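Hi there,

Here is the structure I promised to pass on to you. Please have it open while you read my notes below.

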Amino acid sequence: MASVADPRYGNKDASDQNFDYMFKLLIIGNSSVGKTSFLFRYADDTFSQAFVSTVGIDFKVKTVCRNDKRVKLQIWDTAGQERYRTITTAYYRGAMGFILMYDITNEESFSAVQDWATQIKTYSWDNAQVILVGNKCDMDEERVVPLEKGKSLADQLGFDYFEVSAKENINVRQVFERLVDIICEKMSESIVSEPSRNSAVKNMRLTDHPPPLQQNCSC
């Protein structure tokens with residue numbers, strides 16, 4: 001996958017400054033579960049069978065309309081390998097939402113979900129919203145993680161749950177829409193007690209090439 005400085009990331013959404021809110025989202029999970037394919041399907045409506053391991057962390061930007069508001073999504077695609085963990089966890093701070101992904105054909109990726117959830121709790125802010133996603137539901141004949149098992153774990157962790165297919169474009173848009181909606185719901189609940197927080201989020205502007213570590217991100 002290309003680096004964040006790659007000109008292919010300089011799309012109209014990246015330069016668009018006409019938005020009401022900006023949400024920083026992270027896609028996390030073990031290597032090869034399909035995080036990059038999932039992001040490309042959502043952001044560009046493209047899919048490639050070729051597997052290229054993400055090095056460190058990359059991002060895309062997409063602006064959506066939800067509840068009469070324009071929301072700019074800064075979506076970070078993280079490497080799943082352990083050797084990149086200290087890099088990727090530095091991006092957890094300031095993230096308002098996480099898509100925690102596993103592969104329904106890979107038991108090891110499902111078993112790692114609890115560890116990823118612990119990392120979210122450790123490194124992100126308390127109100128970060130999380131959706132658990134089982135990818136590759138188009139490969140049901142190779143499934144090793146039952147749908148009910150995924151739902152049960154999501155309930156246990158207090159997360160919403162979806163099964164998706166980046167390849168067949170199943171539930172990809174719905175996951176992002178749901179994540180944006182629950183972030184907005186949480187923000188609405190806290191706006192009375194913390195009105196300045198909403199103002200800070202609304203007034204944020206996204207640069208075309210964010211710094212390597214956004215540890216001071218106020219979103």
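At what angle do helix H5 and helix H6 pack, and how far apart are their axes? This is a predicted model, in which local features need pLDDT of at least 70 and side-chain atom pairs count only at pLDDT 80 or more, while totals for chains, interfaces and linings use all residues. Residues are numbered from 1 along each chain as its sequence is written, and side-chain values use heavy atoms, with hydrogens and water left out.

Now to the two helices. H5 (residues 113–123) and H6 (residues 147–157) pack at an angle of about 25°, with their axes 12 Å apart. That makes H5 roughly parallel to H6 (angles under 35 degrees count as roughly parallel, over 145 as roughly antiparallel, 65 to 115 as roughly perpendicular and the rest as oblique). Axes here are lines fitted to C-alpha atoms, for helices over the stretch in contact, and angles run from 0 to 180 degrees between N-to-C directions. Val113, Gln114 and Ala117 of H5 meet Leu153, Gln156 and Leu157 of H6 (contact means heavy atoms within 4.5 Å).

On the H2 side the contact is made by Phe38, Arg41 and Tyr42, and on the H7 side by Val172, Arg173, Val175 and Phe176. H2 is largely enclosed by the rest of the structure, because 7 of its 10 residues are buried (buried means under 20% relative accessible area, exposed over 50%, partly exposed in between, with a 1.4 Å probe and protein chains only). Among those buried residues are Phe38, Arg41 and Tyr42. After H2 comes Asp45, whose phi is positive, near 55°.

To step back, the protein chain holds 8 helices and 6 strands (helices, H or I, of at least four residues and strands, E, of at least two are DSSP runs, numbered from the N terminus). From the N terminus on, the elements run α-β-α-β-β-α-β-α-α-β-α-β-α-α. Of the 219 residues, 52% count as buried. Among contacts between residues at least 6 apart in sequence, 76% join residues at least 24 apart.

Next, the strands. S1 (residues 21–28) is mostly covered, with 8 of its 8 residues buried. Tyr21, Phe23, Leu25 and Ile27 point one way from S1, and Met22, Lys24, Leu26 and Ile28 the other way. In a regular strand the side chains alternate between the two faces of the sheet. S1 pairs in the parallel sense with S3 (residues 69–78) over 7 bridges (two strands pair if DSSP finds at least two bridges between them), and Lys24 has Gln74 in S3 as its bridge partner. S1 also runs parallel to S4, joined by 4 bridges, with Leu25 opposite Gly97.

S4 (residues 97–103) is in turn joined by 7 bridges to S5, and these two run parallel; here Tyr102 stands opposite Gly134. S5 (residues 129–135) has 7 of its 7 residues buried. S5 also pairs with S6 (residues 160–163) in the parallel sense over 4 bridges, where Val133 stands opposite Phe162.

Enjoy exploring!
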